[in-house]
Amino acid sequence: MSTPVWPVELREGPVRLRPLRRRDAAAWRSVRAANASWLRPWEATSPEPAGPAPTFAQMVRGFSREARAGRMLPFVVERDGRLVGQVTVSGITWGSLRSAHVGYWVDQRVAGRGTIPVALALAGDHCFRALRLHRIEVNIRPENAASLRVAQKLGLRDEGLRERYLHIDGEWRDHRTFAVTAEEVPEGLLARYRALRPA
């Protein structure tokens, strides 16, 4: 493949995706702490009693190991050079499925400014072009109006409700699944996002 798969940097205007690094610890922790209550209703939790949380360095090492194995792409989202979130392509499956799901979070201070739609479009185009995946999906709680708008802005296909799909904030929560296949966006997901944006 001529396009590097990982590590890779992707950029569009003020939005940049790059690998998560150990030196991001202070900035990552600061943004997460500032947004803890805002993110809590949407973030996965474990149904099992939780042990000690991994250190930041352990998390980065684990993510990097999974990326090198071709199972995950953990991206930092930067806007204007500042860490503002994360996009993680995970559950990458090869063979006849060639699919993945994408999760993300963003600093509330930049929410609604096009950061996540651009970041998801960049990640999606990398999945389709460099990894040659066939399908990507995003799973969103029906109550998460902001994320539902992201799916709409990207023109993702609504595949319906998955009942009690993911453990979130201490309970099994319903999610709506949105997906797109490579054939649906021959021009790319970023190009589709630009075309769907209001003039």
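**Exercise 1. Is Trp-28 buried or exposed, judged by its relative accessibility?**

Solution. The model under study is predicted. The relative accessibility of Trp-28 is 15%. A residue is classed as buried under 20%. Trp-28 therefore counts as buried.

**Exercise 2. Determine which aromatic rings pair with Trp-28, and which parts of the chain these pairs connect.**

Solution. 

Step 1. The structure contains 3 aromatic pairs. One of them joins Trp-28 and Phe-56, with 5.3 Å from centre to centre and 55 degrees between the planes, a tilted arrangement.

Step 2. Trp-28 belongs to helix α1 (residues 25-34) and Phe-56 to helix α3 (residues 56-68), so this pair ties together parts that are 28 residues apart in sequence. At 6% relative accessibility, Phe-56 counts as buried.

Step 3. Trp-28 also pairs with Trp-105, here edge-to-face, at 6.3 Å centre to centre and 80 degrees between the planes. Because Trp-105 lies in strand β5 (residues 99-106) and Trp-28 in helix α1, this contact ties together parts that are 77 residues apart in sequence. Trp-105, at 7% relative accessibility, counts as buried.

Step 4. Through these ring pairs, Trp-28, Phe-56 and Trp-105 are linked into a cluster. Arg-32 lies over the face of Trp-105, 4.7 Å from the ring centre.

**Exercise 3. Explain why strand β3 (residues 73-79) is described as largely enclosed, and identify its partners.**

Solution. 

Step 1. In a regular strand, side chains alternate between the two faces of the sheet. In β3, Leu-73, Phe-75, Val-77 and Arg-79 are buried on one side, and Pro-74, Val-76 and Glu-78 are buried on the other.

Step 2. The count is thus 7 of the 7 residues buried, which means that β3 is largely enclosed by the rest of the structure.

Step 3. Strand β2 (residues 15-19) runs antiparallel to β3 and is joined to it by 5 bridges. Within β3, Val-77 stands opposite Leu-17.

Step 4. β3 also pairs with strand β4 (residues 82-93), again in the antiparallel sense, over 7 bridges. Leu-73 has Val-89 of β4 as its bridge partner, and Arg-79 has Arg-82.

Step 5. The hairpin of β3 and β4 has 2 residues between the strands, and Asp-80 takes a positive phi near 55 degrees there.

**Exercise 4. Show which residues of helix α6 (residues 189-196) are buried, and how they are placed around the helix.**

Solution. 

Step 1. The buried residues of α6 are Leu-189, Leu-190, Arg-192 and Tyr-193.

Step 2. Viewed down the axis of α6, these residues fall within an arc of 160 degrees, so they line one face of the helix. An α-helix has 3.6 residues a turn, so residues three or four places apart point the same way.

Step 3. The elements against which the buried residues of α6 pack are β1 (10-12), α4 (115-129), β6 (135-140), α5 (145-153) and β8 (171-181).

Definitions and conventions. Residues are numbered from 1 along each chain as its sequence is written. This is a predicted model: local features need pLDDT of at least 70, side-chain atom pairs count only at pLDDT 80 or more; totals for chains, interfaces and linings use all residues. Side-chain values use heavy atoms; hydrogens and water are left out. Buried means under 20% relative accessible area, exposed over 50%, partly exposed in between (1.4 Å probe, protein chains only). Helices (H or I, at least four residues) and strands (E, at least two) are DSSP runs, numbered from the N terminus. The arc is that of the directions from the helix axis to the C-beta atoms. Contact means heavy atoms within 4.5 Å. Two strands pair if DSSP finds at least two bridges between them. Rings of Phe, Tyr and Trp (its six-membered ring) pair if their centres lie within 6.5 Å; planes under 30 degrees apart count as stacked, over 60 as edge-to-face and the rest as tilted. A charge sits over a ring if NZ of Lys or CZ of Arg is within 6 Å of the ring centre and within 35 degrees of the ring normal.
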